[in-house]
Amino acid sequence: MAEKMKKLNLKKALKGNIATYLMVIVAYVVLFALQNLGLLSYSLAGFLVPICAYIVMAVSLNLTVGIMGELSLGHAGFMSIGAYTGAVASALLADLIPIAPLRLAICMVVGGVLAGLVSLIVVVPVLRLRGDYLAIVTLAFGEIIRNIMQCLYVGKDSSGVHFGMSESALDLAADGQMIVRGPMGVVGIQKISTLTMGFILVMITLVVVLNLIRSRQGRAIMAMRDNRIAAESIGISIPKYKIMAFVTSAVLAGAAGTLYVMNFSSIIAKKFDFNTSILILVFVVLGGMGNIRGSIIAAATLTILPELLREYADYRMLVYAIVLILVMLVTNNPKIKAMMVKFREEKLAPRLPKKKAKEGDANGK
(Lines give C-alpha, C1' and ligand atoms only; values in the text may rest on other atoms or scores of the structure.)
Protein backbone atom coordinates (compact mmCIF):
# COMPACT_ATOMS: atom_id res chain seq x y z
CA MET A 1 0.00 0.00 0.00
CA ALA A 2 2.80 2.39 0.95
CA GLU A 3 4.61 1.58 -2.28
CA LYS A 4 1.47 2.38 -4.30
CA MET A 5 1.03 5.71 -2.51
CA LYS A 6 4.67 6.54 -3.15
CA LYS A 7 4.28 5.83 -6.87
CA LEU A 8 1.05 7.83 -6.99
CA ASN A 9 2.70 10.86 -5.34
CA LEU A 10 5.70 10.58 -7.65
CA LYS A 11 3.44 10.42 -10.70
CA LYS A 12 1.47 13.44 -9.46
CA ALA A 13 4.68 15.42 -8.85
CA LEU A 14 6.00 14.50 -12.30
CA LYS A 15 2.78 15.70 -13.94
CA GLY A 16 2.99 18.96 -12.01
CA ASN A 17 6.60 19.52 -13.09
CA ILE A 18 5.79 18.79 -16.73
CA ALA A 19 2.84 21.21 -16.58
CA THR A 20 5.15 23.92 -15.22
CA TYR A 21 7.73 23.33 -17.96
CA LEU A 22 5.07 23.35 -20.66
CA MET A 23 3.57 26.59 -19.33
CA VAL A 24 6.94 28.33 -19.58
CA ILE A 25 7.73 26.86 -23.01
CA VAL A 26 4.36 27.88 -24.47
CA ALA A 27 4.70 31.40 -23.03
CA TYR A 28 8.19 31.70 -24.56
CA VAL A 29 7.07 30.50 -28.00
CA VAL A 30 4.12 32.90 -28.05
CA LEU A 31 6.15 35.90 -26.87
CA PHE A 32 9.06 35.10 -29.21
CA ALA A 33 6.67 34.94 -32.16
CA LEU A 34 4.91 38.18 -31.19
CA GLN A 35 8.25 39.94 -30.75
CA ASN A 36 9.61 38.81 -34.13
CA LEU A 37 6.36 39.76 -35.87
CA GLY A 38 6.51 43.24 -34.33
CA LEU A 39 3.16 42.83 -32.56
CA LEU A 40 4.56 43.88 -29.18
CA SER A 41 5.04 47.54 -28.37
CA TYR A 42 8.57 48.76 -27.65
CA SER A 43 7.81 49.26 -23.97
CA LEU A 44 6.27 45.81 -23.52
CA ALA A 45 9.14 44.16 -25.43
CA GLY A 46 11.53 45.87 -23.02
CA PHE A 47 9.86 44.08 -20.10
CA LEU A 48 10.47 40.55 -21.40
CA VAL A 49 14.00 40.16 -20.01
CA PRO A 50 13.16 41.77 -16.62
CA ILE A 51 10.18 39.41 -16.32
CA CYS A 52 12.51 36.43 -16.83
CA ALA A 53 14.89 37.83 -14.21
CA TYR A 54 12.07 38.40 -11.72
CA ILE A 55 10.72 34.88 -12.31
CA VAL A 56 14.13 33.44 -11.43
CA MET A 57 14.28 35.69 -8.37
CA ALA A 58 10.80 34.64 -7.22
CA VAL A 59 11.43 30.92 -7.72
CA SER A 60 14.81 31.09 -5.97
CA LEU A 61 13.37 33.05 -3.02
CA ASN A 62 10.51 30.54 -2.79
CA LEU A 63 13.14 27.90 -2.15
CA THR A 64 14.21 29.82 0.97
CA VAL A 65 10.87 31.19 2.14
CA GLY A 66 8.36 28.60 0.95
CA ILE A 67 10.33 25.34 0.96
CA MET A 68 12.78 25.97 3.80
CA GLY A 69 10.39 28.19 5.77
CA GLU A 70 12.85 30.99 6.59
CA LEU A 71 12.12 34.66 5.90
CA SER A 72 14.80 36.43 3.84
CA LEU A 73 14.58 40.18 3.18
CA GLY A 74 17.92 40.69 1.46
CA HIS A 75 17.44 38.79 -1.79
CA ALA A 76 18.03 41.95 -3.82
CA GLY A 77 21.53 42.04 -2.31
CA PHE A 78 22.46 38.80 -4.08
CA MET A 79 20.87 40.14 -7.24
CA SER A 80 23.05 43.27 -7.05
CA ILE A 81 26.20 41.18 -6.56
CA GLY A 82 25.38 39.22 -9.70
CA ALA A 83 24.48 42.41 -11.59
CA TYR A 84 27.69 44.30 -10.79
CA THR A 85 29.90 41.22 -11.18
CA GLY A 86 28.31 40.33 -14.50
CA ALA A 87 28.62 43.88 -15.84
CA VAL A 88 32.31 44.07 -14.89
CA ALA A 89 33.01 40.59 -16.31
CA SER A 90 31.24 41.48 -19.56
CA ALA A 91 33.32 44.65 -19.96
CA LEU A 92 36.54 42.72 -19.33
CA LEU A 93 35.62 39.87 -21.72
CA ALA A 94 34.19 42.05 -24.51
CA ASP A 95 37.33 41.80 -26.67
CA LEU A 96 38.21 38.25 -25.70
CA ILE A 97 34.73 36.75 -26.30
CA PRO A 98 32.89 38.69 -29.05
CA ILE A 99 30.00 36.18 -29.16
CA ALA A 100 27.35 37.89 -27.02
CA PRO A 101 25.30 34.82 -25.88
CA LEU A 102 28.45 32.96 -24.84
CA ARG A 103 29.79 35.99 -22.97
CA LEU A 104 26.44 36.47 -21.22
CA ALA A 105 26.37 32.80 -20.18
CA ILE A 106 29.88 33.05 -18.72
CA CYS A 107 28.99 36.29 -16.92
CA MET A 108 25.87 34.71 -15.41
CA VAL A 109 27.95 31.82 -14.11
CA VAL A 110 30.52 34.22 -12.63
CA GLY A 111 27.83 36.40 -11.07
CA GLY A 112 26.00 33.39 -9.64
CA VAL A 113 29.15 31.84 -8.18
CA LEU A 114 30.23 35.08 -6.49
CA ALA A 115 26.72 35.60 -5.07
CA GLY A 116 26.83 32.04 -3.71
CA LEU A 117 30.23 32.63 -2.08
CA VAL A 118 28.99 35.83 -0.45
CA SER A 119 25.89 34.02 0.81
CA LEU A 120 28.17 31.65 2.70
CA ILE A 121 29.60 34.64 4.57
CA VAL A 122 26.07 35.56 5.60
CA VAL A 123 24.52 32.19 6.35
CA VAL A 124 27.34 30.46 8.24
CA PRO A 125 27.45 32.91 11.19
CA VAL A 126 23.64 33.02 11.51
CA LEU A 127 22.81 29.31 11.23
CA ARG A 128 21.10 29.32 14.62
CA LEU A 129 18.92 32.32 13.84
CA ARG A 130 15.32 31.83 12.74
CA GLY A 131 12.22 33.84 11.91
CA ASP A 132 12.38 37.57 12.59
CA TYR A 133 16.03 37.47 13.63
CA LEU A 134 17.14 35.92 10.34
CA ALA A 135 14.95 38.39 8.44
CA ILE A 136 16.65 41.33 10.21
CA VAL A 137 20.12 39.96 9.42
CA THR A 138 19.32 39.43 5.73
CA LEU A 139 17.74 42.90 5.57
CA ALA A 140 20.91 44.41 7.03
CA PHE A 141 23.02 42.41 4.57
CA GLY A 142 21.05 43.77 1.61
CA GLU A 143 21.50 47.35 2.78
CA ILE A 144 25.22 46.84 3.48
CA ILE A 145 25.76 45.48 -0.03
CA ARG A 146 23.85 48.39 -1.55
CA ASN A 147 25.96 50.94 0.32
CA ILE A 148 29.18 49.19 -0.66
CA MET A 149 28.13 49.26 -4.32
CA GLN A 150 27.43 52.99 -4.07
CA CYS A 151 31.04 53.57 -2.97
CA LEU A 152 32.70 51.12 -5.37
CA TYR A 153 34.79 52.27 -8.35
CA VAL A 154 36.12 49.82 -10.93
CA GLY A 155 38.18 50.56 -14.02
CA LYS A 156 40.51 48.86 -16.45
CA ASP A 157 43.55 49.92 -18.45
CA SER A 158 46.56 48.31 -20.08
CA SER A 159 47.99 47.31 -16.70
CA GLY A 160 44.86 45.43 -15.55
CA VAL A 161 41.73 45.91 -13.45
CA HIS A 162 41.63 48.51 -10.67
CA PHE A 163 39.31 48.66 -7.67
CA GLY A 164 38.88 51.49 -5.22
CA MET A 165 36.48 53.43 -3.02
CA SER A 166 37.09 56.69 -4.92
CA GLU A 167 37.81 57.60 -8.53
CA SER A 168 41.19 59.09 -7.72
CA ALA A 169 42.27 55.88 -5.96
CA LEU A 170 42.06 53.93 -9.22
CA ASP A 171 44.94 55.85 -10.82
CA LEU A 172 43.99 54.75 -14.35
CA ALA A 173 46.34 55.21 -17.28
CA ALA A 174 45.46 57.40 -20.27
CA ASP A 175 43.89 54.43 -22.05
CA GLY A 176 41.83 53.54 -18.99
CA GLN A 177 38.08 52.94 -18.95
CA MET A 178 35.72 53.38 -16.01
CA ILE A 179 33.23 50.54 -15.54
CA VAL A 180 31.69 51.27 -12.13
CA ARG A 181 31.41 54.91 -11.07
CA GLY A 182 30.34 54.75 -7.44
CA PRO A 183 26.95 56.48 -6.92
CA MET A 184 26.52 56.74 -10.71
CA GLY A 185 26.54 52.94 -10.89
CA VAL A 186 27.61 50.86 -13.86
CA VAL A 187 27.75 52.81 -17.11
CA GLY A 188 28.34 51.90 -20.74
CA ILE A 189 26.84 48.41 -20.46
CA GLN A 190 26.54 46.51 -23.71
CA LYS A 191 22.94 45.26 -23.86
CA ILE A 192 23.30 41.58 -24.72
CA SER A 193 20.42 40.03 -22.74
CA THR A 194 17.71 38.44 -24.87
CA LEU A 195 14.38 36.71 -24.29
CA THR A 196 15.95 33.41 -25.35
CA MET A 197 18.73 33.67 -22.76
CA GLY A 198 16.13 34.62 -20.16
CA PHE A 199 14.04 31.58 -21.09
CA ILE A 200 17.08 29.30 -20.79
CA LEU A 201 17.88 30.68 -17.33
CA VAL A 202 14.26 30.23 -16.22
CA MET A 203 14.27 26.61 -17.41
CA ILE A 204 17.58 25.91 -15.66
CA THR A 205 16.18 27.44 -12.47
CA LEU A 206 13.04 25.30 -12.67
CA VAL A 207 15.03 22.13 -13.29
CA VAL A 208 17.32 22.85 -10.32
CA VAL A 209 14.59 23.89 -7.87
CA LEU A 210 11.93 21.32 -8.82
CA ASN A 211 14.42 18.45 -8.77
CA LEU A 212 15.85 19.64 -5.47
CA ILE A 213 12.36 19.78 -3.92
CA ARG A 214 11.56 16.20 -5.01
CA SER A 215 14.97 14.84 -4.00
CA ARG A 216 16.06 13.37 -0.68
CA GLN A 217 17.67 16.69 0.20
CA GLY A 218 14.46 18.55 -0.59
CA ARG A 219 12.43 16.27 1.66
CA ALA A 220 14.95 16.89 4.43
CA ILE A 221 14.61 20.66 3.96
CA MET A 222 10.81 20.43 4.14
CA ALA A 223 11.02 18.18 7.21
CA MET A 224 13.22 20.81 8.82
CA ARG A 225 10.59 23.43 7.98
CA ASP A 226 7.66 21.41 9.33
CA ASN A 227 9.26 20.27 12.60
CA ARG A 228 12.83 21.20 13.36
CA ILE A 229 13.09 19.09 16.53
CA ALA A 230 11.69 15.98 14.85
CA ALA A 231 14.06 16.47 11.90
CA GLU A 232 17.06 16.70 14.21
CA SER A 233 15.90 13.63 16.15
CA ILE A 234 16.12 11.43 13.02
CA GLY A 235 19.59 12.66 12.13
CA ILE A 236 18.92 15.45 9.64
CA SER A 237 21.75 17.99 9.71
CA ILE A 238 20.01 21.37 10.02
CA PRO A 239 23.11 23.51 9.18
CA LYS A 240 23.93 21.41 6.11
CA TYR A 241 20.53 21.69 4.47
CA LYS A 242 20.06 25.29 5.53
CA ILE A 243 23.31 26.22 3.78
CA MET A 244 22.34 24.13 0.73
CA ALA A 245 19.00 25.91 0.26
CA PHE A 246 20.36 29.37 1.02
CA VAL A 247 23.38 29.10 -1.29
CA THR A 248 21.34 27.60 -4.15
CA SER A 249 18.88 30.46 -3.85
CA ALA A 250 21.70 33.03 -3.85
CA VAL A 251 23.44 31.52 -6.90
CA LEU A 252 20.24 31.69 -8.94
CA ALA A 253 19.60 35.26 -7.75
CA GLY A 254 23.12 36.26 -8.82
CA ALA A 255 22.60 34.80 -12.29
CA ALA A 256 19.26 36.64 -12.53
CA GLY A 257 21.02 39.89 -11.58
CA THR A 258 23.48 39.47 -14.45
CA LEU A 259 20.66 38.79 -16.90
CA TYR A 260 18.77 41.83 -15.61
CA VAL A 261 21.63 44.33 -15.77
CA MET A 262 22.63 43.30 -19.31
CA ASN A 263 19.25 44.56 -20.51
CA PHE A 264 20.11 48.19 -19.69
CA SER A 265 22.85 50.58 -20.72
CA SER A 266 23.38 51.69 -17.12
CA ILE A 267 22.25 50.72 -13.63
CA ILE A 268 22.57 52.19 -10.13
CA ALA A 269 22.76 50.48 -6.75
CA LYS A 270 19.47 52.04 -5.60
CA LYS A 271 17.66 49.67 -7.98
CA PHE A 272 18.55 46.81 -5.62
CA ASP A 273 17.34 48.34 -2.38
CA PHE A 274 14.91 47.08 0.28
CA ASN A 275 11.90 47.80 -1.96
CA THR A 276 13.13 45.32 -4.57
CA SER A 277 13.51 42.60 -1.92
CA ILE A 278 9.95 43.28 -0.75
CA LEU A 279 8.67 43.20 -4.33
CA ILE A 280 10.20 39.75 -4.86
CA LEU A 281 8.74 38.59 -1.55
CA VAL A 282 5.32 39.83 -2.74
CA PHE A 283 5.69 37.61 -5.83
CA VAL A 284 6.32 34.60 -3.58
CA VAL A 285 3.48 35.33 -1.16
CA LEU A 286 0.90 36.06 -3.85
CA GLY A 287 1.90 33.01 -5.88
CA GLY A 288 1.72 30.79 -2.81
CA MET A 289 4.38 29.71 -0.36
CA GLY A 290 6.11 26.70 -1.87
CA ASN A 291 4.10 27.00 -5.09
CA ILE A 292 6.64 27.34 -7.91
CA ARG A 293 4.07 27.71 -10.67
CA GLY A 294 2.28 30.39 -8.67
CA SER A 295 5.54 32.33 -8.25
CA ILE A 296 6.06 32.32 -12.02
CA ILE A 297 2.56 33.62 -12.71
CA ALA A 298 2.72 36.25 -9.94
CA ALA A 299 6.13 37.55 -11.04
CA ALA A 300 5.07 37.88 -14.69
CA THR A 301 1.68 39.41 -13.91
CA LEU A 302 2.78 41.93 -11.31
CA THR A 303 5.77 43.05 -13.37
CA ILE A 304 3.69 43.81 -16.45
CA LEU A 305 0.56 45.09 -14.65
CA PRO A 306 1.87 48.63 -13.88
CA GLU A 307 2.86 49.03 -17.54
CA LEU A 308 -0.56 47.91 -18.76
CA LEU A 309 -2.14 50.48 -16.45
CA ARG A 310 0.18 53.30 -17.52
CA GLU A 311 -2.53 55.07 -19.54
CA TYR A 312 -4.41 55.49 -16.27
CA ALA A 313 -1.52 57.41 -14.76
CA ASP A 314 -3.52 58.94 -11.90
CA TYR A 315 -5.00 55.67 -10.73
CA ARG A 316 -2.65 52.91 -11.85
CA MET A 317 -0.84 52.46 -8.52
CA LEU A 318 -4.20 52.52 -6.70
CA VAL A 319 -5.50 49.78 -9.02
CA TYR A 320 -2.23 47.87 -8.56
CA ALA A 321 -2.62 48.00 -4.77
CA ILE A 322 -6.27 46.90 -4.97
CA VAL A 323 -5.30 43.95 -7.18
CA LEU A 324 -2.67 42.89 -4.63
CA ILE A 325 -5.16 43.04 -1.78
CA LEU A 326 -7.82 41.10 -3.70
CA VAL A 327 -5.36 38.39 -4.71
CA MET A 328 -4.19 38.05 -1.09
CA LEU A 329 -7.78 37.72 0.12
CA VAL A 330 -8.66 35.16 -2.52
CA THR A 331 -5.55 32.99 -2.19
CA ASN A 332 -5.79 32.89 1.62
CA ASN A 333 -9.55 32.30 1.83
CA PRO A 334 -10.27 28.86 3.40
CA LYS A 335 -13.57 28.52 1.52
CA ILE A 336 -11.93 29.12 -1.85
CA LYS A 337 -9.15 26.69 -0.97
CA ALA A 338 -11.75 24.08 -0.02
CA MET A 339 -13.53 24.64 -3.34
CA MET A 340 -10.28 24.10 -5.22
CA VAL A 341 -9.59 20.88 -3.31
CA LYS A 342 -13.14 19.68 -3.98
CA PHE A 343 -12.74 20.48 -7.67
CA ARG A 344 -9.53 18.45 -7.86
CA GLU A 345 -11.13 15.53 -6.05
CA GLU A 346 -14.15 15.58 -8.34
CA LYS A 347 -11.88 15.75 -11.35
CA LEU A 348 -9.93 12.71 -10.19
CA ALA A 349 -12.93 10.86 -8.74
CA PRO A 350 -14.07 9.11 -11.96
CA ARG A 351 -10.73 7.32 -12.18
CA LEU A 352 -10.69 5.98 -8.64
CA PRO A 353 -13.67 3.55 -8.81
CA LYS A 354 -12.24 1.88 -11.89
CA LYS A 355 -8.95 1.26 -10.14
CA LYS A 356 -10.70 -0.09 -7.06
CA ALA A 357 -12.91 -2.28 -9.17
CA LYS A 358 -9.90 -3.74 -10.95
CA GLU A 359 -8.18 -4.39 -7.62
CA GLY A 360 -11.34 -6.10 -6.35
CA ASP A 361 -11.55 -8.33 -9.42
CA ALA A 362 -7.90 -9.25 -9.05
CA ASN A 363 -8.38 -10.17 -5.38
CA GLY A 364 -11.49 -12.20 -6.28
CA LYS A 365 -9.58 -14.19 -8.83
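# Reading the folded chain

Me: What share of the contacts in the chain with a separation of 6 or more joins residues 24 or more positions apart?
Reply: In this predicted model, residues 24 or more positions apart account for 74% of those contacts. Here, contact means heavy atoms within 4.5 Å.

Me: How many helices and strands does the chain have?
Reply: It has 16 helices and 3 strands. Of its 365 residues, 45% are buried.

Me: What makes H3 and H11 roughly antiparallel?
Reply: Look at the angle. The axes of helix H3 (residues 48-67) and helix H11 (residues 238-261) cross at roughly 170°. The cut-off for roughly antiparallel is over 145 degrees. Therefore H3 and H11 count as roughly antiparallel to each other. Their axes come within 8 Å.

Me: Which residues make that contact between H3 and H11?
Reply: From H3, they include Val 49, Tyr 54, Val 56 and Leu 63. From H11, they include Phe 246, Leu 252, Leu 259 and Tyr 260. The contact of H3 with H11 divides into 16 nonpolar residues, 4 polar and no charged.

Me: Why are H9 and H11 called roughly perpendicular?
Reply: Again, take the angle. The axes of helix H9 (residues 216-226) and H11 cross at roughly 110° and come within 10 Å. Roughly perpendicular covers 65 to 115 degrees. So H9 and H11 are roughly perpendicular to each other.

Me: Which residues meet there, in H9 and H11?
Reply: Gln 217, Ala 220, Ile 221 and Met 224 of H9 meet Ile 238, Tyr 241, Lys 242, Met 244 and Ala 245 of H11. The contact of H9 with H11 splits into 7 nonpolar, 1 polar and 1 charged.

Me: Why is Thr 205 called buried?
Reply: Thr 205 has a relative accessible area of 1%. Buried means under 20%. So Thr 205 is buried. Thr 205 sits in helix H8 (residues 195-214). Leaving aside neighbours within four places in sequence, Thr 205 is in contact with Val 56, Val 59 and Leu 252.

Me: How do you know that Thr 303 counts as buried?
Reply: The relative accessibility of Thr 303 is 9%, and buried means under 20%. Therefore Thr 303 counts as buried. Thr 303 belongs to helix H13 (residues 292-308).

Me: Which residues does Thr 303 touch, not counting residues up to four places away in sequence?
Reply: Phe 47, Ile 51, Tyr 54 and Phe 283. Thr 303 and Phe 47 are 256 residues apart along the chain, with their C-alpha atoms separated by 7.9 Å.

Me: What makes Ile 292 a buried residue?
Reply: Its relative accessible area is 5%. That falls under 20%, so Ile 292 is buried. Ile 292 is in helix H13 too. Not counting residues up to four places away in sequence, Ile 292 touches Val 59, Asn 62, Leu 206, Val 209, Leu 210 and Ile 213. Ile 292 and Gly 66 are 226 residues apart in sequence, yet 9.1 Å apart in space, C-alpha to C-alpha.

Me: Which members of the largest nonpolar core touch the most other members?
Reply: Val 186, Leu 206, Leu 259, Phe 272 and Ile 292. The core has 95 residues. H3 gives the most to this core, with 15 residues. Among the residues touched by Phe 272 are Ala 76, Met 79, Arg 146 and Tyr 260.

Me: How many disulfides does the count come to?
Reply: The count comes to 0 disulfides. A disulfide needs a pair of cysteine sulfur atoms within 2.5 Å.

Key. Residues are numbered from 1 along each chain as its sequence is written. This is a predicted model: local features need pLDDT of at least 70, side-chain atom pairs count only at pLDDT 80 or more; totals for chains, interfaces and linings use all residues. Side-chain values use heavy atoms; hydrogens and water are left out. Axes are lines fitted to C-alpha atoms, for helices over the stretch in contact, and angles run from 0 to 180 degrees between N-to-C directions. Helices (H or I, at least four residues) and strands (E, at least two) are DSSP runs, numbered from the N terminus. Angles under 35 degrees count as roughly parallel, over 145 as roughly antiparallel, 65 to 115 as roughly perpendicular and the rest as oblique. Ala, Val, Leu, Ile, Met, Phe, Trp, Tyr, Cys and Pro count as nonpolar, Asp, Glu, Lys and Arg as charged, and the others, Gly among them, as polar. Buried means under 20% relative accessible area, exposed over 50%, partly exposed in between (1.4 Å probe, protein chains only). A nonpolar core is a set of buried Ala, Val, Leu, Ile, Met, Phe, Trp, Tyr and Cys residues joined through side-chain atoms within 4.5 Å.
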